[in-house]
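Subject: Handover of a structure and notes on it

Hello,

Here is the structure you will be taking over. My notes follow below it.

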Amino acid sequence: MSEETTATPRGQRKVLEGVVISTKMDKTAVVSIERMEKHEKYKKYIRRHSKLYAHDETNQASVGDLVRVVECRAMSKLKRFRLTEITRKN
């Protein structure tokens with residue numbers, strides 16, 4: 001019996017951009033992601049935001065930085081994203 005060695009492609013991971021709102025935890029940055037949604041009834045656009053906990057291995061992000069985060073395995077109860085780059089320093 002021969003095993004197939006062809007690797008199956010991984011699913012695309014979510015890549016999001018947001019602003020760091022807290023760095024008080026060790027190796028963790030809290031990132032606010034903002035999006036625009038259209039209201040179903042009034043058809044106006046509403047600003048919505050989500051708070052994500054991102055793993056920052058080197059503690060390089062600071063409050064106010066624009067960062068890019070990517071989805072990864074669960075690192076703790078709330079941490080499901082990893083900081084990949086700092087787009088704009090504050």
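Strand 1 and strand 4 run antiparallel to each other and share 5 bridges. Strands here are DSSP runs of E with at least two residues, numbered from the N terminus, and two of them count as paired if DSSP finds at least two bridges between them. In general, strands of a sheet pair through backbone hydrogen bonds, in a parallel or an antiparallel sense.

Before going further, the basis of these notes. The model is predicted, so local features need pLDDT of at least 70 and side-chain atom pairs count only at pLDDT 80 or more, while totals for chains, interfaces and linings use all residues. Residues are numbered from 1 along each chain as its sequence is written, and side-chain values use heavy atoms, with hydrogens and water left out.

The barrel

The strands make a closed barrel of 5, in the order 1-2-3-5-4, with mixed pairing. From one strand to the next the twist averages 50°; the axes behind this angle are lines fitted to C-alpha atoms (for helices, over the stretch in contact), and angles run from 0 to 180 degrees between N-to-C directions.

Strand 1 (residues 15-22) pairs antiparallel with strand 2 (residues 28-38) over 3 bridges. Val-20 stands opposite Val-31 of strand 2. These two strands form a hairpin with 5 residues between them, and Lys-27 in the turn has a positive phi of about 60°.

Strand 2 also pairs with strand 3 (residues 45-55), antiparallel and over 11 bridges. Here Ser-32 has Lys-51 of strand 3 opposite. Their hairpin has 6 residues between the strands, and Lys-43 in this hairpin takes a positive phi near 60°.

Strand 4 and strand 5 are antiparallel as well, with 6 bridges. Val-69 has Leu-83 in strand 5 as its bridge partner. The loop between strand 4 (66-71) and strand 5 (79-88) holds Lys-77. Lys-77 counts as exposed because its relative accessible area is 74% (buried means under 20%, exposed over 50%, partly exposed in between, with a 1.4 Å probe and protein chains only). The C-alpha atoms of Lys-77 and Tyr-53 lie 9.9 Å apart, with the two residues 24 apart along the chain.

The core

Which residues make up the largest nonpolar core? There are 11: Val-20, Ala-29, Val-31, Ile-33, Leu-52, Ala-54, Ala-61, Val-67, Val-69, Phe-81 and Leu-83. Strand 2, strand 3, strand 4 and strand 5 each give two or more residues to this core, and strand 2 gives the most, with 3. A nonpolar core is a set of buried Ala, Val, Leu, Ile, Met, Phe, Trp, Tyr and Cys residues joined through side-chain atoms within 4.5 Å.

Ala-61 is in contact (heavy atoms within 4.5 Å) with Val-20, Thr-23, Asp-56, Leu-83 and Ile-86, leaving aside neighbours within four places in sequence.

Salt bridges

Side chains of opposite charge can pair when their charged atoms come close. The structure holds 7 salt bridges, each a side-chain nitrogen of Lys or Arg within 4 Å of a carboxyl oxygen of Asp or Glu.

Arg-68 forms one with Glu-17, and the closest N and O atoms are 2.9 Å apart. This pair links distant parts of the chain, with Arg-68 in strand 4 and Glu-17 in strand 1, 51 residues apart. Arg-68 is partly exposed, at 28% relative accessibility, and Glu-17 is partly exposed at 35%.

Arg-47 and Glu-34 meet in another salt bridge at 3.7 Å, N to O. Arg-47 sits in strand 3 and Glu-34 in strand 2, 13 residues apart. Both Arg-47 and Glu-34 are exposed.

Glu-37 and Arg-48 form a salt bridge at 3.6 Å, N to O. Glu-37 is in strand 2 and Arg-48 in strand 3, 11 residues apart. Glu-37 is classed as partly exposed because its relative accessibility is 32%, and Arg-48 is partly exposed too, at 39%. Through shared partners, salt bridges also join Glu-17, Arg-68 and Glu-85 into one network.

Regards

Definitions and conventions
Helix = DSSP H or I, 4+ residues; strand = E, 2+ residues; numbered from the N terminus.
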